[in-house]
Amino acid sequence: MAEHNLQKIDLSEYPHINKGLDGIVAFSTTKSFIDGQSGDLIYSGYHIDTLAENATFEEVCFLLWNDRLPNKQELDDLNKQLRNKRELPEPVLSYIQSTNKKAEPMAVLRTAVSMLADFVDETEGDNSYAITLTAQMPTIIAAFDRARNGNEIVAPLNEGSTAFNFLYMLNGEKPGEAAERTMDLCLVLHAEHGMNASTFTCRTICATESDIFSAVTGAIGALKGPLHGGANTAVMKTLLKLKDQGDDADPVAFTKGKLDRKEKIMGFGHRVYKTFDPRAVHLRKMSKTLSEETGHEYLYEWSEAMLKTMKDEKNIDPNVDFFSATVYYSIGIQPDLYTCIFTMSRVSGWTAHYFEQKANNRLIRPRALYVGEKNLEWVPAEKR
Ligand code: SDX
C-alpha cells in the first residue's frame, strides 16, 4: 500500500474562506458598476436612471456589446438583424410544441436555448450568436406559453421592437404604446448587473473556452434559482397567497411571521446593495401606476406594507425582483414567466461578459480547503 503520511491541516495557515465568494473581486469589467452603499448602477458609463429615461433595450444591447451607444445607422442595423433572426429552427419549435405542457417555462427555455446550438452556421461567430440568442429567446418563451395554454403559436413579426414583438407573440395582438414601453423599460432594467451568480456562471463556462450556447445555457440554470432570478415569480406567489386569504389578508403579520420563523422573504435583500436597489426605484413607480390602472392597487399597497415592515424589522430593502412581479402581473403575464423575461433581457449582459472574458481569458479555478480525514487504512467491504 502506498505510504501517505500527510499532516493534519493547520487552519491558521489558510486565508479566511469567503463563503459565497462574498467580497471577492475576481475580474475587472467595463460592463457595469454597482455602488451598493449609495444605490447606484452604471452600464458602461451611463447611469441606470439615464438609460431608463432614454434608452431602448436594443440600444442597451449594443452598449453592453460595444462599450458605447450606437449611432442611428448602427441601431437600425442591429434592429434589422434582431428582427430577421426571430424565427426559430423548426426542430426547436416542434420540441416546444411537443414537450410537457406542465414543464417549468425556465426549464423549457434552458432546453430550447441549448438546442439552438445545433442549428447555427458555425462560420457566423459569437457576435452573430449573441444576436440570435437575444432575438430567439422571446420567441421560445411566447411559443411555449401559447402551446401550454392550448393556443395557436403566433409567429414573430418582422417589425417592431423586441418588447413589442414579444407581447404580440404572447397575446396574439399588437400591444399599445404604454405596454410596449413598460416591457422595454423592464428589459433595460434587467440587462446587466456585474458579477451576479448567472453572469459568473457564464464567465466560468466561457473561461474553459467552451461555446457561447453552453455558457448561456449554464447561466439560465443559475438564474432560475429563487435566490437569484427566480425571486420575481416567488414574490408573486407570496402576494397571491395573501390574496387567497381574502379579508384576512395581512401583509404586515405575514412578513413578521416569516421573519420570526427565520424564513427569507423573496424580493428583499441583496449581496451588494445595502440600500434601495436603483432598479426597484423605477419598478416601484411602474407598479404603482400599473396596479392602479388595472384595478390591482391592493397588490401595490400590500407590497408597500411589506417593504415598510422589512425596513422597520430588519433594515432590508427590496431588490429588482420585488416590484417587477406586480408590474408583470398588472400587464397580464403569468407569474411563472417572470424569470423568463428576466432571462431574455439578461442574455445581453451575459453575452457581453462572455466577450469580455474571451478577450482576456484565464481558466477560472478557485481552491477549496480540504477539512476531511487523511491517512485512513483500507478495510475490505466484507469487514466494514
Ligand atoms: C437578484 O447578484 C445580483 O446582482 C443579483 C441580481 C441581478 O440583477 O443579477 O440583482 C438579481 O438575484 C436579486 C436577489 C433576488 N433574490 C431574492 O429576493 C431572494 C431573497 N433574498 C435573500 O435570499 C438574500 O438577500 C440574497 C440571496 C439576495 C443575498 O443574500 P446574502 O448576501 O448571502 O445575505 P444573507 O443571506 O447572508 O443575509 C444576511 C442577513 C441574514 O440575517 P442574519 O442571519 O444575519 O440575522 O440578512 C437576512 C439574513 O437572514 N436576509 C433576509 C433576506 N435577505 C437577507 N431576511 C429575510 N428575507 C430576506 N430576503
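An oxygen atom of the ligand is 2.9 Å from an N or O atom in the side chain of His228, a polar contact (a pair of N or O atoms within 3.5 Å). This is a predicted model, where local features need pLDDT of at least 70, side-chain atom pairs count only at pLDDT 80 or more, and totals for chains, interfaces and linings use all residues. Residues are numbered from 1 along each chain as its sequence is written, and side-chain values use heavy atoms, with hydrogens and water left out.

**Contacts with the ligand**
- In the side chain of Arg279, an N or O atom lies 2.6 Å from an oxygen atom of the ligand.
- Leu227 takes part through a polar backbone atom, 2.9 Å from a nitrogen atom of the ligand.
- The protein buries 71% of the 1,000 Å² that the ligand exposes when taken alone (Shrake-Rupley method, 1.4 Å probe).

**The shell around the ligand**
- There are 25 residues around the ligand, and His193, Gly267, His270, Arg271 and Arg279 come nearest (a heavy atom within 4 Å counts as near).
- At least two shell residues come from each of α14 (297-314), α15 (320-330) and α16 (338-359) (DSSP runs of H or I, at least four residues).

**The sheet**
- An open, antiparallel sheet is formed by three strands in the order β1-β2-β3 (strands are DSSP runs of E, at least two residues; pairing takes at least two bridges).
- β1 (32-35) and β3 (46-47) are the edge strands, each pairing on one side only.
- Strand β2 (residues 40-43) pairs with β3 over two bridges, and Ile42 has His47 of β3 as its bridge partner.

Methods. A polar contact is a pair of N or O atoms within 3.5 Å; within protein, one must be able to donate a hydrogen and the other to accept it, and residues adjacent in sequence count only if both atoms are side-chain atoms.
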